[in-house]
Amino acid sequence: MAFIRRRRLERELYSKERFSLLLLNLEEYYFEQHTANHITNRDCKDERKFRGSLKICSKSIIFEPDDNIQPIIKIPLRDCISIKAPEDNEANKPFTRNTSGGISVVCSQVFLIKERNVIAPYKTVRGRAEHLFQLDVAGKVGDVVQTLHQLYRASCLDKMGDQAAMITAILQSRLARTSFDKNRFQSISETLHMECKAEMVTPLVTNPGHVCVSDANLYFQPLNGYPKPVVQITLQNVRRIYKRRHGLMPLGLEVFCTENDLCSDIYLKFYNYQDRDEVYRLIAKYIENHIAEHTAESYVLQWQRGHISNYQYLLHLNNLADRSCNDLSQYPVFPWIIADYSSSVLDLTKPETFRDLSKPVGALNKERLDRLVTRYQEMPEPKFMYGSHYSSPGYVLFYLVRVAPEYMLCLQNGKFDHADRMFNSIAETWKNCLDGATDFKELIPEFYENDSSFLVNSLKLDLGKRQGGKMVEDVELPPWASGPDDFLQKSQEALESPYVSEHLHEWIDIIFGYKQKGSEAVASHNVFHPLTYEGGVDLNSIMDPNEKVALLTQILEFGQTPKQLFTTPHPQRKIQKLKSLSRTSSHSISIAESPVSPNEESFEDLTEESITLAWNNIAKLKLDKQYKIHKESITGIAVTCNGSSVFTTSQDSTLKMFSKDSRTIQRSVSFSNMALSSCLILPGDTTVISSSWDNHIYFYSIAFGRQQDVLLGHDDAVSKICWRDGRLFSASWDSTVKVWHCAPGEILSNKKHHFELLAQLEHDVSVNTIDLNAANTVLASGTKEGTISVWDVTTATMLHQLPHHSGTVFHAAFSPDSRHLLSTGEDCCFKVTDVQTGMVVSSVTTEEPQRCFKWDGNTILSGSQSGELLVWDLLGGKVTERIKGHTGAVTSMWMNEQCNNVITGGEDKQIMFWKLQY
């Protein structure tokens, strides 16, 4: 639990300190501190001195007594009547000999904080009063008074923008007069790469200072030396870095030394994007396998395949969408999952137990939605449906007030919310989100983690008394939870349940996806105030500083919509089910169908284990034999069912039949003087079909050793052929894919095959490769210009046209479950496409083009341009094994059904036989 862990760590590190930056106002800076005495009732018999630390801040003076019994005193500068040193008023001589080095502050009100070291709402003491602070170093009085006079003048300006501008000028002047202390380097041999000004961001506050990047470390030195003189991060320990949008500007950078933790090691806000980008570049060099620009696609496939949980996936999406536990206006957002908070038993098998994830919270109650829609329709531009957001600093602290009370006091000017508006009950909160006129909040990650302390008032805070007289204590849990830990455990189970796995993509569409903006957002009743969206306002174009400050304040309080990660429907998660032969829609159902019928299930179960074993050991592939049988590059490989005969085609225009047993070429056939591009064997091992660059498709009888038939199918070279269920699919450089029904002729007579053109799939450019899914209902084609097209074969309609590659697509193939399509091309990229939505769910960059491949959905065996066979961990995006093979590009690959035998062909005119040895 990121937020709670951070608070616990802070308490451990600074347990002796009562002061924190949370005592400052929002957008306030802490400049310096001086050891001093606070003198009360001066020149009286009961005069008292309290030793402590005087803090000079941009909008206030804070005195922290060493005695924890005494309250911290906070004096807003705007409430000051006079600030002066003894020499300022020689006529009255108000200071005695014992008060040299003193500063007199006369004010109209002060706040008393943490009296007796108890976290509680601030006490306000109104009325004119004088506070005398005696500095240990008397020589600093003049400088301190001068600084206070400057800050006082800023606080007295009428407009907030003018105040902010003057304070910023003071801050920048201080930063310009200082620099990073090189004595803080961990080693004298470190080399400085860069130094710049920045602010360290923590929830609700920022702390200015200097950033320094050396050849070994990242440093941040706070201007005020708080909470420690320097923050140091070893670059070799950095695992992730993210550019962030902070205060609507692209100035943030968050650095993580862990792989999966939501809590970063440091969050920095720079004063210009050039400094931010340069620090990013310097750090990125130290991260192994660093991806320059992170995208969500690297996680989609892992989530679909069940390699990461729903919880982990949502964390990744939040991270990529600029959500950070250091920025409460962009805190990670998680969905309400459970809708039943009244039953004694939580039944996760019933759909009615769950919230409708296809709708935003504001649309869950139809009566309320109708009222909101009516108001929306009558509203002038800019229109918005909801007057509050689903995630804001106030909502985050509403949930976390019991573990982060000081944050709530900071946000609400030293006060807790009214007791009846506190987070008192899970059921009440859910009901208010359904029925409340302005309550549309979602949840936070803590509801699905393991630390239940945010549900328990373990700090014994006085959070007020409700109307019925009951004190606000622990959060009231639903009947089905035996306690806070059990509540979180059941919430986790609900989040990972089959129902949520099947529907979570609908919520992602609303929060991070294509229903977040535009007409889809309107149709989904998902429209918030324009200022909450990325790009909703350009701060650089606003010249009026007062308007700019007002906008920033409004956004901080209102919250921000996550960065949009997806612009097309998000793929659904794969849920393992029994295979079915039902076919209702070739678009939505048949994509995931299996051609295996129910009575074959047992056979598949037997073979599935051996196939899995083979792919788990695919890196142990060993070269068995190799033969040079052609004069040019090999283009196709087909093998008879018993594995004894291997047919190959080549750019040398020949079809060859190679006997595996005798290791000899038994037949060599030439149909024309043009190159052959691919081959396949028809069921029964009686006929070989070859495609040619001469626009023809040739049928060769194995039994009779002669050309049996020829199909003039295209107006340009035929690039690839497939055969399924009595249908021939042919791709061509004439920009078409054709589907033929082939009725076989009588072999012993002179009758030829009868060819009937069933469909013609038109493309804009030459088609280089095709593949069909397992159910033979969906076809994918790859063109010479990099486009992947997905077709519904049953209706001959295009489902998706996807510009996934630049340059020729060499190969494309469906995964065994037909949910995904893998493609590779001239652009040195593997792309995994979700067939249902057309979204790229994984992308892997390769060192060189991969010409052909086989894959099982998770692992790829590819043939490279250089001749190596490469084994890829697709989910990890890396090569796990390199196997030396051909001396030229691997141009063709065949694999048997058990996946333990492979044959490759290459530009070196050889075929190579490979076997798994495990």
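These legends describe close-up views of a predicted model.

**Figure 1. The whole chain.**
This overview shows a protein chain of 918 residues, of which 57% count as buried. The secondary structure comes to 15 helices and 42 strands. Along its principal axes, the C-alpha trace spans about 130 × 65 × 55 Å. The accessible surface is about 39,000 Å². Carbon and sulfur atoms make up 48% of that surface. Take the contacts with a separation of 6 or more: residues 24 or more positions apart account for 57% of them. The chain carries 97 positive and 112 negative side chains. The centres of these two sets lie 4 Å apart.

**Figure 2. Helix H5 and its cover.**
How many of the 8 residues of helix H5 are buried? The count is 6, so this helix, residues 297–304, is mostly covered. The buried residues are Tyr299, Val300, Leu301, Gln302, Trp303 and Gln304. Gly306 follows H5 and has a positive phi, near 80°.

**Figure 3. Two cis peptide bonds.**
Most peptide bonds are trans. One joins Tyr226 and Pro227, with omega about 5°. Pro227 lies in the loop between strand S10 (217–222) and strand S11 (231–234). The other runs from Glu381 to Pro382, with omega near -5°. Pro382 lies in the loop between helix H7 (366–378) and helix H8 (393–400).

Most residues other than glycine have a negative phi. Glu27 is not a glycine, yet its phi is positive, about 65°. Glu27 is found in the loop between helix H1 (2–13) and strand S1 (30–40). Lys114 is not a glycine either, and its phi is positive at about 55°. Lys114 sits in the loop between strand S6 (102–113) and strand S7 (123–135). Which is Glu27, buried or exposed? Glu27 counts as exposed because its relative accessibility is 58%. Lys114 is buried, because its relative accessible area is 11%.

**Figure 4. Thr567 in its loop.**
Thr567 lies in the loop between helix H14 (545–558) and helix H15 (601–616). With a relative accessible area of 62%, Thr567 is exposed. Gln516 is 51 residues away from Thr567 along the chain.

**Figure 5. A patch of negative charge.**
On the surface, Asp158, Asp162, Asp544 and Glu547 gather in a patch of negative charge. Glu547 has its place in helix H14. Its relative accessible area is 43%, so Glu547 is partly exposed.

Side chains of opposite charge can pair when their charged atoms come close. A search of the whole structure finds 27 salt bridges. Glu64 forms one with Lys55, and their closest N and O atoms are 3.6 Å apart. Lys123 forms a salt bridge with Glu115, with the closest N and O atoms 3.2 Å apart. Lys123 is partly exposed, with a relative accessible area of 48%. Glu115 counts as partly exposed too, at 33% relative accessibility.

The side chains of Arg281 and Glu278 meet in a salt bridge, 2.7 Å from N to O. Arg281 and Glu278 are separated by about one helical turn because they are 3 residues apart in helix H4 (residues 273–284). Arg281 is partly exposed, with a relative accessible area of 42%. Glu278 is partly exposed as well, at 27%. Elsewhere, salt bridges that share partners join Arg244, Arg245, Glu254, Asp322 and Lys563 into one network.

Definitions and conventions. Residues are numbered from 1 along each chain as its sequence is written. This is a predicted model: local features need pLDDT of at least 70, side-chain atom pairs count only at pLDDT 80 or more; totals for chains, interfaces and linings use all residues. Side-chain values use heavy atoms; hydrogens and water are left out. Helices (H or I, at least four residues) and strands (E, at least two) are DSSP runs, numbered from the N terminus. Buried means under 20% relative accessible area, exposed over 50%, partly exposed in between (1.4 Å probe, protein chains only). Patches are made of residues with over 30% relative accessible area and no salt bridge: like charges are joined within 9 Å, nonpolar side chains (Val, Leu, Ile, Met, Phe, Trp, Tyr) within 5 Å. Accessible areas come from the Shrake-Rupley method with a 1.4 Å probe; for residues, only the protein chains shown count as cover. A salt bridge is a side-chain nitrogen of Lys or Arg within 4 Å of a carboxyl oxygen of Asp or Glu. Lys and Arg count as positive and Asp and Glu as negative; His and the chain ends are not counted. The place of a charge is taken as NZ of Lys, CZ of Arg, CG of Asp or CD of Glu. Contact means heavy atoms within 4.5 Å.
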